[in-house]
Protein chains: 2
Amino acid sequence: MEFMEQRILRDGQVRPGNILKVDSFLNHQIDCRLLDEAGKAFYEKFRDRGITKILTVEASGIAIACLTARYFDVPVVFAKKSKSLNLDGDLYTSVVHSFTHNVDNTVVLSKKFLTDKDKVLLVDDFLANGKAMEGLIDICGQAGAQIAGIGIAIEKGFQCGGQRLRDAGYDVFSLAIVDAMTDDGQITFRH
Amino acid sequence: MEFMEQRILRDGQVRPGNILKVDSFLNHQIDCRLLDEAGKAFYEKFRDRGITKILTVEASGIAIACLTARYFDVPVVFAKKSKSLNLDGDLYTSVVHSFTHNVDNTVVLSKKFLTDKDKVLLVDDFLANGKAMEGLIDICGQAGAQIAGIGIAIEKGFQCGGQRLRDAGYDVFSLAIVDAMTDDGQITFRH
């Protein structure tokens with residue numbers, strides 16, 4: 001069994017409504033040793049793709065992006081969820097619906113940090129409906145940047161995001177794919 | 001000259017209104033090799049303090065927190081800027097004013113990730129007015145957690161945050177302290 005699956009079984013908590021709480025190691029408290037292992041796995045998968053940037057969206061994607069970027073020795077760029085007064089000049093923008101918070105967020109990325117010369121690895125801690133990832137893909141399209149692959153810590157395989165991205169031809173590499181959860185806490189992984 | 005000062009001089013941009021833009025390496029695009037060096041410097045300074053957690057606030061503090069935590073081999077916990085539907089149970093909360101965005105944010109932290117057994121290192125990318133740091137200190141007070149030190153990448157020494165924290169007895173270690181900036185881009189560091 002893979003390391004991310006083991007960790008989900010040990011520390012993840014299933015809640016009603018298909019919620020998988022992993023806030024003790026992934027998105028509130030962060031086990032950086034685990035994310036370092038995730039970054040290494042992404043590097044082993046995508047090392048030959050000529051990647052120039054690791055791209056993610058704030059906030060919880062930043063941790064896994066940074067620990068991945070160390071292996072590739074390239075910068076992280078993270079899309080911001082609202083227009084900051086300190087972000088000036090030309091911006092790529094995309095509207096992303098968050099089902100978690102039930103709001104539309106405009107994510108923005110400064111044009112100077114993503115161009116048609118970039119080959120990017122998109123990473124995030126979670127993939128469920130895939131809306132955040134589609135926002136990043138939209139921004140890559142605006143920039144003319146190539147998408148070399150997508151690295152995900154935990155994919156909810158029973159939601160449509162991963163399937164839709166794979167159908168669109170993206171190379172989605174998820175360290176754990178949860179295919180089913182029951183209210184009494186049983187978790188089934190895809191292999 | 002220290003590495004963070006060198007990087008500010010090379011890639012930072014001074015804008016009217018005492019704005020120092022470091023978005024090419026610190027808080028939009030992130031140079032993880034630089035932040036790794038920052039984490040190492042924090043570790044050398046605070047390694048003997050018995051630190052159990054690295055505490056920061058989303059979003060841009062997460063990167064430096066993670067690359068610091070690797071050296072200490074302890075978890076990161078980051079305070080979140082609003083109440084997420086996925087955050088349940090008991091929360092510490094504190095209201096933080098953001099001068100950058102001119103809004104009050106409520107930052108929250110799950111009680112299960114910070115207790116009176118913790119000795120924490122607070123880290124952030126920027127220290128200016130110190131409002132975010134005061135929110136984290138407030139939360140540590142609620143938890144009964146000890147604050148072993150504060151690590152900052154860039155302090156704006158001409159704003160009051162650092163002085164107020166030092167006057168209150170905190171051990172604030174900033175990798176670069178900017179004492180003055182002129183509109184034509186001259187930067188004076190404190191030594």
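Guide: Just after H3(A), A:Asp73 adopts a positive phi of about 55°; helices here are DSSP runs of H or I with at least four residues, numbered from the N terminus. The model is predicted: local features need pLDDT of at least 70, side-chain atom pairs count only at pLDDT 80 or more, and totals for chains, interfaces and linings use all residues. Residues are numbered from 1 along each chain as its sequence is written, chains are lettered from A and ligands numbered from 1 in the order in which they are written, and side-chain values use heavy atoms, with hydrogens and water left out.

H3(A) is mostly covered, with 10 of its 12 residues buried (under 20% relative accessible area, 1.4 Å probe, protein chains only). Among the buried residues are A:Ala69 and A:Phe72.

A:Asp73 also belongs to the lining of the second largest pocket, together with residues including A:Ala69, A:Arg70, B:Cys32 and B:Arg33. A pocket is an open set of points on a 1 Å grid over the protein atoms alone, where a 1.4 Å probe fits, with protein on both sides within 12 Å along at least five of seven lines; lining residues have an atom within 4 Å of a point. Helix H3 (61-72) of chain A and helix H2 (32-46) of chain B each supply at least two lining residues, and H2(B) gives the most, with 3 residues.

Chain B can be laid on chain A by a turn of 180° and a shift of 0.0 Å along the axis. The two copies are thus related as by a two-fold rotation axis.

Key. Buried < 20%, exposed > 50% of the residue type's maximum accessible area, 1.4 Å probe, protein only. Least-squares fit on C-alpha atoms with pLDDT ≥ 70 in both.
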